[in-house]
Amino acid sequence: MGTLLQQIINGLSLGSVYALIAVGYSLVYSILLFSNFAHGGFLVIGGYICYGILKTFGTNIWLAGGLSLAGAGIAAVLTERLAYRPIRERTNVTLYLLIASMGMSIVIENIFVIVAGGRFRALPPVIPTAPINFFGFATTSAFDLLSLVSAVVFLGALQLFLLKTRWGLAIRAAAYDLRTAGLMGVNVNRLISIVFFVAGALAAVGGIFLSVRYTLYPQLGAITIKAFVAAVIGGLGSLPGAVVGSLILGLAEMLTAGFISSQMRDLVVFSMLVITLLVKPTGLFGKSVSEKV
Amino acid sequence: MTEVCGEKTVLLEVRDLHVSYGAIKALTGVSLKVCEGEIVCVIGSNGAGKSTLMNAIMAMVRREKGEVILSGKPLEAKSFRVVQQGVSLSPEGRKVFAPLSVLENLRMGAFSRGADKGVEEDLEWVFSLFPRLKERIDQYAGTLSGGEQQMLAIGRALMARPRVLLLDEPSLGLAPIIIKDIFRELRRINNEGVTILLVEQNARQALLLSHRGYVLQTGQIVQEGPSADLLANADIKAAYLGGGHGAGKTTKALS
């Protein structure tokens, strides 16, 4: 019973970090309809900025975190401007965007191999990892609770932004029909920049927590593949889907690790992907809108 | 030709507009004028270039040559700027945002106006024009009937407070009785001071509604005049109004 509860908390915590990554990825997908493989790069950029600032300016996590979010957001906007916008302006074929994003992912990873070196780095101990006891039932770490709470706060803020602001409304409209959103007087390029900034900043939050969980290295972005899987399970382009898919994935991983074997984690994850694609390719919340003529 | 507007001022002018899609020329030198307070229609068959004309005015497709002028100022080459300058479009096929509510669709229409206080008043105005929309204010646009979606698309374009309202095939796919309703509302909108330029395949309804008309055929204006004259014109009757033997066949009718 104790182990189960503990693994559920750990699973939700891991899933919530996936959710931060998957939601940004899904947001970009919903607007531009391509899988942005450079998304993992944004997470790595966020992680290294946080690491760099903590090492140079001391241990103020709020400062380091804030700059890390802003930095990764700006990097995401620049990636879009440099690599995707020139393609968008010439063609509607999203396959070219996909290929460009694979290129950008390799570019970002290798920039960090050159600049920061390929070795594993541990973030200074700014995020508490002390064990916390739940009334004697289960033990989990403060870190797990903190990452869960942070994810809830950031995803809640995103939801508020999308539901309550003018640009949030425009993003929801553009997710359905980007061209028509442009007809409403929305500066489409600015909207896309905003979406990339948000996606980059959320990825940075995920990046910081993942760096604490697993240490930081240039290939850390590869973990985004789990967020892709979560987004597919939840339904590509659907934000609630990305969150639910991520939580399912996190739980599945941790329960497998706790009750079967931690080596089986990835097997279970990718089996779930295959099963989703076989049984319900649109995912849990995938949309198939029928058009009225 | 030069004096179509007489005493009134020319509000929107399209000058020698050319548009191509790759090697295919969609518009080859279209010119037309819309006077302040008028309803002007452009009729033409499928593929004549009607939607291209609308999209070119809105800068949704590139204007290869020629320009569009709104009371003396050229319309810019970016769609969002065109909307800010005072032209909005209710697009072909309505294109309402299906997963957004009726109210959210209307608010999207007012996007370019930011936090303008007039938006709330204009919402009431649109609801007075289309009371059905008010009844369905919180419903998803995707659940509306075709006619209601058309009303929403028009209302959404009106929310931009345009100086010229563009309408692309507002009758498309609708039952005749609903078309009548919608066209009656268009007249009312015009009476309240909105200048309208519409393109239509439903030539009879469009000519009955409008003050002046243009006939677009394979990317060129082949005829123009007061709508009453066009309605009475034998060639146009044969080609576009279902009269004579050539109903729907327009290729040679006007050449």
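Colleague: How many bridges pair strand 1 of chain B with strand 4 of chain B?

Modeller: Bear in mind that this is a predicted model. Strand 1 covers residues 10-21 of chain B and strand 4 covers residues 65-70 of chain B. One residue to look at is B:His18, whose bridge partner in strand 4 of chain B is B:Lys65. The two strands pair in the antiparallel sense, and the number of bridges is 5.

Colleague: Which strands of chain B are the edge strands of that open sheet?

Modeller: The open sheet in chain B has 4 strands with antiparallel pairing, in the order 2-1-4-5. An edge strand pairs on one side only, and that picks out strand 2 (24-35) and strand 5 (73-74) of chain B.

Colleague: What stands opposite B:Val87 in strand 7 of chain B?

Modeller: B:Val87 belongs to strand 6 (residues 87-90) of chain B, and B:Val87 and B:Leu89 are buried on one side while B:Ser88 and B:Ser90 are buried on the other. Strand 6 runs parallel to strand 7 (residues 164-168) of chain B, with 4 bridges joining them. The residue opposite B:Val87 is B:Val164.

Colleague: Over in chain A, are helix 2 and helix 8 oblique or parallel to each other?

Modeller: The axes of helix 2 (residues 39-57) and helix 8 (residues 188-214) of chain A come within 7 Å and cross at roughly 60°. Roughly parallel would need an angle under 35 degrees, and roughly perpendicular starts at 65. So helix 2 and helix 8 of chain A are oblique.

Note on methods:
Residues are numbered from 1 along each chain as its sequence is written. Chains are lettered from A and ligands numbered from 1 in the order in which they are written. This is a predicted model: local features need pLDDT of at least 70, side-chain atom pairs count only at pLDDT 80 or more; totals for chains, interfaces and linings use all residues. Side-chain values use heavy atoms; hydrogens and water are left out. Two strands pair if DSSP finds at least two bridges between them. Buried means under 20% relative accessible area, exposed over 50%, partly exposed in between (1.4 Å probe, protein chains only). Axes are lines fitted to C-alpha atoms, for helices over the stretch in contact, and angles run from 0 to 180 degrees between N-to-C directions. Angles under 35 degrees count as roughly parallel, over 145 as roughly antiparallel, 65 to 115 as roughly perpendicular and the rest as oblique.
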